[in-house]
Amino acid sequence: MAEALQAADWYAQHGKMPRVYVPAAFVAGNALALPEGPARHITRVLRMSEGAPLVLFDGEGLEAGVRLAKVSRKQTLARVEAVWAGSGESPLSVHLGQAISKGDRMDYAIQKAVELGVAAITPLYTERGDVRLKGDREDKKLAHWQAVAASACEQSGRAVVPAVYPPMSLHAWLEVRQEPLRLMLHLATGNAFNRQDRPASVALLIGPEGGLSESDIAAAQKAAFTTLTLGPRVLRTETAPIVALSLLQHYFGDL
């Protein structure tokens, strides 16, 4: 309760302000040197100056009310005035297995999944997927996707940044699933969502633009995945997780 009051007091005193992801230890009363990326964003993009208040979050669940203490070309310091636990996490843990799509579609799927409270995301190589990443290109994409997730947390008020795991094959991902409820979207089934009891966690599989192949579907069913349709209209691969996550959060989460 004290932490909640501390957060409420900070916002009541300072009003609406930027939230910035800074993976660091927050200790009330200490000065914190901001990393180059966040420092540049705060001082050059947001044009905040010494004395300005803002909120930082560490990606692990903590938030801090800080005030800029020093702004220079070499260093930006923030004085930590209050620390509290973030409150934007869903009670439902969903691990999204998302087939990799081209261009901005994957960014959109990750961004919206994070806004809807997803706990973890694994980009997947599927049989019909037409994106294959290797070496440095895969590493750069992964770093980019993790940054998209962090940015979505800044916007949505989450203090925990969901992990975006390295891309893997669908079959490898299926082998390590342990969630009690496992769902894959498949238009042709006609199986509407009708589960009543709240699961401890969920694995959600979204296929590529051309849909999951018969062998992919068979492998998922062998891994105890249930086929699910979201109505008679065909959803794009980046739209499907939004609808499915909204449904899950409505029944078992906090929507």
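These notebook entries record what I looked up in a predicted model.

**Conventions.** I worked from a predicted model in which local features need pLDDT of at least 70 and side-chain atom pairs count only at pLDDT 80 or more, while totals for chains, interfaces and linings use all residues. Residues are numbered from 1 along each chain as its sequence is written, and side-chain values use heavy atoms, with hydrogens and water left out. I took helices (H or I, at least four residues) and strands (E, at least two) as DSSP runs, numbered from the N terminus.

Entry 1: I looked up the strand order and found 5 strands in an open sheet, 1-3-4-5-2, with mixed pairing. Strand 1 (19-21) and strand 2 (31-33) are the edge strands, each pairing on one side only. From one strand to the next the twist averages 40°. I counted two strands as paired if DSSP finds at least two bridges between them. Strand 1 runs parallel to strand 3 (residues 53-57), joined by 3 bridges, and V20 stands opposite L56 in strand 3.

**Entry 2: helices across the sheet.** For angles I used axes that are lines fitted to C-alpha atoms, for helices over the stretch in contact, with values from 0 to 180 degrees between N-to-C directions. Contact here means heavy atoms within 4.5 Å. Helix 2 (residues 36-45) lies across strand 1, strand 3, strand 4 (62-71) and strand 5 (76-85), at about 155° to strand 1. Helix 4 lies across strand 1 and strand 3, also running at about 155° to strand 1.

**Entry 3: the annotated span.** The unreviewed UniProt entry places "domain: Ribosomal RNA small subunit methyltransferase E PUA-like" on residues 39-79. UniProt positions are given in the numbering used here, feature names are shortened, and annotations may be inferred rather than shown by experiment. In the model, this span is 17% helix and 46% strand, and its end C-alpha atoms lie 14 Å apart.

**Entry 4: helix 3.** I checked the length of helix 3 (residues 104-115): its 12 residues should span 16 Å at 1.5 Å a residue, and the 17 Å between its end C-alpha atoms agrees. The expected span is 1.5 Å times one less than the number of residues. Which residues of helix 3 are buried? They are M106, D107, A109, I110, A113 and V114. These residues cover an arc of only 165° around the axis, which puts them on the same side of helix 3; the arc is that of the directions from the helix axis to the C-beta atoms. Buried means under 20% relative accessible area, exposed over 50%, and partly exposed in between (1.4 Å probe, protein chains only). The cover over the buried residues includes strand 6 (93-99), strand 7 (120-125), helix 4 (135-156) and helix 7 (240-252). After helix 3 comes G117, with a positive phi near 90°.

**Entry 5: V131.** I located V131 in the loop between strand 7 and helix 4. V131 is buried, at 12% relative accessible area. Apart from neighbours within four places in sequence, V131 is in contact with I100, S101, K102 and Y125. A separation of 24 Å lies between the C-alpha atoms of V131 and A119, which are 12 residues apart along the chain.

**Entry 6: strand 10.** I found 5 of the 5 residues of strand 10 (residues 181-185) buried, so this strand is largely enclosed by the rest of the structure. L181, L183 and L185 are buried on one side, R182 and M184 on the other. Strand 10 pairs in the parallel sense with strand 11 (residues 201-206) over 4 bridges, where V202 is the bridge partner of L181. Strand 10 also pairs in the parallel sense with strand 12 (residues 226-228), over 3 bridges; there L228 is the bridge partner of L185.
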